[in-house]
Amino acid sequence: RQEDLGKGPLDVRQTLLRSAAQRLLIWDFLNISGRELTNPYLAKLLLARNKLFDRGDSGAVIIVATPYDIEPGAAAATLRDFLRDMGPSIGATLARIENRAGALAH
């Protein structure tokens, strides 16, 4: 699924989980060196490239979830708003962690 989270389109993997008690809408994506993607093979390739060029091998999976009733449309809007609001903070935290990991590697 492609979403606009305020800084252009982003591909997210969408999963719908359902049990007798609850339904969850889940979005997830990967962040490798500031690049957001959903393809695990490309992520592995980027990690290998970074390691080869001594840039470290840090990466993160961002997973957000919210309950929904019958249709996940309103839940998707909730996740979209959350990621738009929290995206800058998440990005800054990931950058800080990557910088710290890079400093420890050298």
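Predicted model: local features only at pLDDT ≥ 70, side-chain atom pairs only at ≥ 80, totals over all residues.
**View 1. Salt bridge between Arg1 and Glu3.** The side chains of Arg1 and Glu3 form a salt bridge in which the closest N and O atoms are 2.5 Å apart.

**View 2. Salt bridge between Glu3 and Arg80.** Glu3 also meets the side chain of Arg80 in a salt bridge, with an N to O distance of 2.5 Å. Because Glu3 belongs to strand β1 (residues 2-4) and Arg80 to helix α2 (residues 73-105), this pair ties together parts that lie 77 residues apart in sequence. Both Glu3 and Arg80 are buried.

**View 3. Salt bridge between Arg13 and Asp28.** Here the closest N and O atoms of Arg13 and Asp28 are 2.8 Å apart, and the two residues form a salt bridge. Arg13 is found in strand β3 (residues 13-18) and Asp28 in strand β4 (residues 23-32), so the pair ties together parts that are 15 residues apart in sequence. Asp28 is buried, its relative accessible area being 10%.

**View 4. The network of Arg1, Glu3 and Arg80.** Salt bridges that share partners join Arg1, Glu3 and Arg80 into one network. Within this group, Glu3 pairs with Arg1 and with Arg80. The structure as a whole holds 3 salt bridges.

Terms used. Residues numbered from 1 in each chain as written. Heavy atoms only, no water. Salt bridge = Lys/Arg side-chain N within 4 Å of Asp/Glu carboxyl O. Helix = DSSP H or I, 4+ residues; strand = E, 2+ residues; numbered from the N terminus. Buried < 20%, exposed > 50% of the residue type's maximum accessible area, 1.4 Å probe, protein only.
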